[in-house]
Amino acid sequence: QRADLRKYNVLVLPSTWGGLERYRSILNKSEIKKIKTWVGQGGTLLAIGSAAAFLADSSIGISRVKLRRQALDQLDIYKKAVEEEQMAGKTPVDSLLVWGSGESGPEEINQTAQKAVAMNALKQIDERQRLFLPRGAILNVRLNDEHWLSFGEGENVPAILYTSYAFLSKKPVQTVGRFDDAANIRLSGLMWQEARQRWAESAYLTRESFGNGQMILFAGEPYFRAYFYGTARLFLNAIFLGPGFGTRGAIDF
């Protein structure tokens, strides 16, 4: 509360035992407002695990990333966002339609109406799937290899996960790392089928603008016991490259 945050350009909120409720007990409204003001002025805020869940919690209202448990009525929207990400750059282009004088473009896709599922049923399913949370499983994360956060990594990276929080993201949030599909998500460790379905294609690493600054969220611990060099690189990229690539300083150096 008394710290002068202006002397810092990066703040890291680590994961804690006790989940997001622990952060609610640590930070009061005025302290949250102070952090938001600092980010808006050009700071880079990193949040890991339960801290990421705290920022994504709908009652806090800081991040545009959503906790899956709080967005069950929007699962179709986020699923479509993932599909659009996967198709980016892969849609065939008909040069005759682009440069020629074709009378009509691609036909609009008629989407079939889906049967509504009662929210109570969705909540029960989600609560049951949380019981099968990954307990230290090593999972495959697909990376956007053109983003500065993934410099030096390639297209995939193994990540450890021990949490009941699953994160959903869509534009304008930049999803730099996303867990693989259910068939390919597990690399090592115990992974129940229920967990595969819940965490498949959920967000692992996100970056979003906030005023002149940015927020970077990690679903799991990237530097766990210094074993995971791949996700550690993502973490170090966020710290050292973030202030230069993702923010606009209030004053020039």
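A226 is found in the loop between β10 and α8, where helices (H or I, at least four residues) and strands (E, at least two) are DSSP runs numbered from the N terminus. The phi angle of A226 is near 60°, a positive value in a residue other than glycine. At 41% relative accessibility, A226 counts as partly exposed; here buried means under 20% relative accessible area, exposed over 50%, and partly exposed in between, with a 1.4 Å probe and protein chains only. R225 lies in the loop between β10 and α8 as well, and its phi is near 50°, again positive in a residue other than glycine. R225 counts as exposed, at 61% relative accessibility.

The model is predicted, so local features need pLDDT of at least 70 and side-chain atom pairs count only at pLDDT 80 or more, while totals for chains, interfaces and linings use all residues. Residues are numbered from 1 along each chain as its sequence is written, and side-chain values use heavy atoms, with hydrogens and water left out.

The chain has eight helices and ten strands. Of its 253 residues, 42% are buried. Contact means heavy atoms within 4.5 Å, and among contacts in the chain between residues at least 6 apart in sequence, 75% join residues at least 24 apart. The chain exposes about 15,100 Å², of which carbon and sulfur atoms supply 53%; accessible areas come from the Shrake-Rupley method with a 1.4 Å probe, and for residues only the protein chains shown count as cover.

The aromatic residues come next. A pair of aromatic rings is described by the distance of the centres and the angle of the planes. Rings of Phe, Tyr and Trp (its six-membered ring) pair if their centres lie within 6.5 Å; planes under 30 degrees apart count as stacked, over 60 as edge-to-face and the rest as tilted. A search of the whole structure finds nine aromatic pairs. One of them is the edge-to-face pair of F218 and F235, at 6.2 Å centre to centre with 70° between the planes. This pair links distant parts of the chain, with F218 in strand β10 (residues 213-218) and F235 in helix α8 (residues 229-245), 17 residues apart. F218 is buried, with a relative accessible area of 0%, and F235 is buried too, at 11%. The rings of Y223 and F235 have centres 6.2 Å apart and planes at 65°, so this pair is also edge-to-face. Because Y223 lies in the loop between β10 and α8 and F235 in helix α8, the pair ties together parts that are twelve residues apart in sequence. Y223 itself counts as partly exposed, at 37% relative accessibility. Together, F179, Y204, F218, Y223 and F235 form one aromatic cluster.

Rings also meet charged side chains. A charge sits over a ring if NZ of Lys or CZ of Arg is within 6 Å of the ring centre and within 35 degrees of the ring normal. K170 lies over the face of Y78, 5.7 Å from the ring centre, and R198 lies over the face of W199, at 4.8 Å from the ring centre.

A nonpolar core is a set of buried Ala, Val, Leu, Ile, Met, Phe, Trp, Tyr and Cys residues joined through side-chain atoms within 4.5 Å. The largest such core has 56 residues, of which L45, L55, F167 and Y204 touch the most other members. Helix α3 (residues 50-56) gives the most to this core, with six residues. Not counting residues up to four places away in sequence, F167 touches several residues, including A52, A53, A56, V65 and L67.

T44 is found in strand β2 (residues 44-48) and counts as buried, at 0% relative accessibility. Beyond four places in sequence, its contacts include V10, W38, I216 and A238.

Two loop sites complete the picture. A cis peptide bond joins K171 and P172, with omega about 15°, and P172 has its place in the loop between β6 (167-168) and β7 (174-179). R69 is found in the loop between β3 (66-67) and α4 (75-87) and counts as partly exposed, at 24% relative accessibility. Leaving aside neighbours within four places in sequence, R69 is in contact with D126, R130, S164, Y165 and R198. R69 and R130 are 61 residues apart in sequence and 9.3 Å apart in space, C-alpha to C-alpha. The side chain of R69 reaches the backbone oxygen of S164 at 2.9 Å.

Methods:
Polar contact = N/O pair within 3.5 Å; in protein donor to acceptor, adjacent residues only side chain to side chain.
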